[in-house]
Amino acid sequence: MSHASTAGDAAVFAEPTVPVGAGWTVNLSLATLAVFMAFMTPIQILLPLQLEHIDPHGKNDALSLVTGLGALVAVLANPLAGAMSDRTTSRFGRRRPWILGGALAGAAGLSITATQHTVAGVAVGWCLAQAGLNAMLAGVTTPVADRVPLTQRAQVSGWTGLMQSFGLVLGALITTLLVTGVRSGYVALAVLTVVLALPFVLRHSEPPLTRALRPAFDARAFARSLWVSPRQHPDFGWAWLTRFLINLGNALGTLYLFYFLADAVHYDDPGTGVLFLTVIYTLCAALTAIPAGVLSDRLGRRKVFVVLCSLVMAAAAVLLSLLHTWPSAIAAAAVLGAGYGIYLAVDQALVTQVLPEATDRAKDLGVINIANSGPQVLAPALASPIITHLGGYTGLYATAALVILVGGLLVGRIRSVS
């Protein structure tokens, strides 16, 4: 093997030390914006509207079914795409082919969903979209671990994390103000998913993986690797559980926001209400994410910020459980956004510090991302009976607060990260 090849291989797996530039961060953030805009806008706006038109009386159960099946696909697709990304030997690198390919496949799935007129058809289309978008997600989440040094990681994670909220804001603006109709909303999202992925794919090279160092792919070994033993890697296990619980609480609180505004708050235009609350939420997240990321990088501390954000987010959920009014919803959106902004920046940086193997970063982050998508499977199954039998939306948001709080406190069990 040549000296140049050896140096290139070292660059693929080495812990990064060279800071990334503003352009790199901006373009990765745009790609991240694309994937979360395509994820969140249908869940919050387009799917509820589409399913309400298809089945007005069974809309809650239909939404639970469609989002639950989609999230189940995500649980499988994300780590699988990550594992294949880790083994990709393209001259364009390991991540960029999956970002572009996933964007194209996700756009196709969104376009198929737009044409459906039955609950089953919507479910199939959304599952196809989830498969493509999760392949893209595997590509956009790993470059932070691949290329960003620890001293910059929470700050960069703050920018990319904010795109989760900005994605919903941009998607909501497009689907409520700039285009008319559910179908055109899906098509607009499909086009933007590809367009916003292109700057990072076209402008930023990455070290390729040589075939000599590519691990062989074995289906049985891959299936076993999805279980990262908490005994062998306890910090990874606690980080996974912390993320799972915080995201479960967040999913319980946000999944039925459209129906909460319509049925409990009695807001006249719940679609516009979701947009307004999301703007408030995003602005407050933007105010906390970057400062929290910078401070976390400078102090070299992560866990205290995760505990802080869980306390803030739980307080917002308690407010929603006690008061079902428009002013309280605005206040809760502001508080929840402030807490989630801290979480987006710091937790992602923390997770990249507990990955078991450098050679499996994308696969292991895919396993971590199950803690993002898994709650989307579980939340609908929990939320519907809670609303029906355990106090309606009061019980739902009280449960969300408890789950978030427990998740934040468990971060203290991680030992290798301050």
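**Contacts, rings and helices**

Colleague: Leaving aside neighbours within four places in sequence, which residues is S321 in contact with?

Modeller: Please bear in mind that this is a predicted model. S321 belongs to helix 12, which covers residues 303-322. Setting aside neighbours within four places in sequence, the contacts of S321 are Y393, T394, Y397 and A398.

Colleague: Is S321 buried or exposed, and which backbone oxygen does its side chain reach?

Modeller: The relative accessibility of S321 is 6%, so this residue counts as buried. Its side chain reaches a backbone oxygen at 2.7 Å, and that oxygen belongs to V318.

Colleague: Y393 is among those contacts. What kind of aromatic pair do F260 and Y393 form?

Modeller: The structure has 11 aromatic pairs by the rule applied here. In the pair of F260 and Y393, the centres are 5.3 Å apart and the planes are at 70°. Planes over 60 degrees apart count as edge-to-face, and the pair F260 and Y393 is therefore edge-to-face.

Colleague: How many residues apart in sequence are the parts that this pair ties together?

Modeller: F260 is in helix 10 (residues 257-263), whereas Y393 is in helix 15 (residues 392-409). F260 is buried at a relative accessible area of 0%, and Y393 counts as buried at 11% relative accessibility.

Colleague: What is the angle between the planes of F260 and Y397?

Modeller: F260 in helix 10 and Y397 in helix 15 tie together parts that are 137 residues apart in sequence. Both F260 and Y397 are buried. Their ring centres lie 5.1 Å apart, and the pair is edge-to-face because the planes are at 75°.

Colleague: Which residues do ring pairs link into a cluster?

Modeller: A pair of aromatic rings is described by the distance of the centres and the angle of the planes. Here, ring pairs link a cluster made up of Y256, F258 and Y259.

Colleague: How many disulfides does a search of the whole structure find?

Modeller: C309 is buried with a relative accessible area of 0%, and C127 is also buried, at 18%. The cysteine sulfur nearest to that of C309 belongs to C284 and is 15 Å away, and C309 is in no disulfide. A disulfide needs sulfur atoms within 2.5 Å. For the whole structure, the number of disulfides found is 0.

Colleague: How far apart are the end C-alpha atoms of helix 5?

Modeller: Helix 5 is largely enclosed by the rest of the structure, because 24 of its 29 residues are buried. At 1.5 Å a residue, helix 5 (residues 119-147) should span 42 Å; this agrees with the distance between its end C-alpha atoms, which is 42 Å.

Colleague: Is D146 buried or exposed, and which residues is it in contact with beyond four places in sequence?

Modeller: D146 is found in helix 5. At 8% relative accessibility, D146 counts as buried. Leaving aside neighbours within four places in sequence, D146 is in contact with A14, P16, R94, R95 and R361.

Colleague: Is H266 buried or exposed?

Modeller: H266 lies in the loop between helix 10 and helix 11. Its phi is near 60°, a positive value in a residue other than glycine. With a relative accessibility of 56%, H266 counts as exposed.

Colleague: Leaving aside neighbours within four places in sequence, which residues is G366 in contact with?

Modeller: G366 is found in helix 14 (residues 361-389). This residue is buried, with a relative accessible area of 0%. Beyond its neighbours within four places in sequence, G366 is in contact with N78 and P79.

Notes:
Residues numbered from 1 in each chain as written. Predicted model: local features only at pLDDT ≥ 70, side-chain atom pairs only at ≥ 80, totals over all residues. Heavy atoms only, no water. Helix = DSSP H or I, 4+ residues; strand = E, 2+ residues; numbered from the N terminus. Buried < 20%, exposed > 50% of the residue type's maximum accessible area, 1.4 Å probe, protein only. Polar contact = N/O pair within 3.5 Å; in protein donor to acceptor, adjacent residues only side chain to side chain. Contact = heavy atoms within 4.5 Å. Expected span 1.5 Å × (residues − 1). Phe/Tyr/Trp six-rings, centres within 6.5 Å; stacked < 30°, edge-to-face > 60°.
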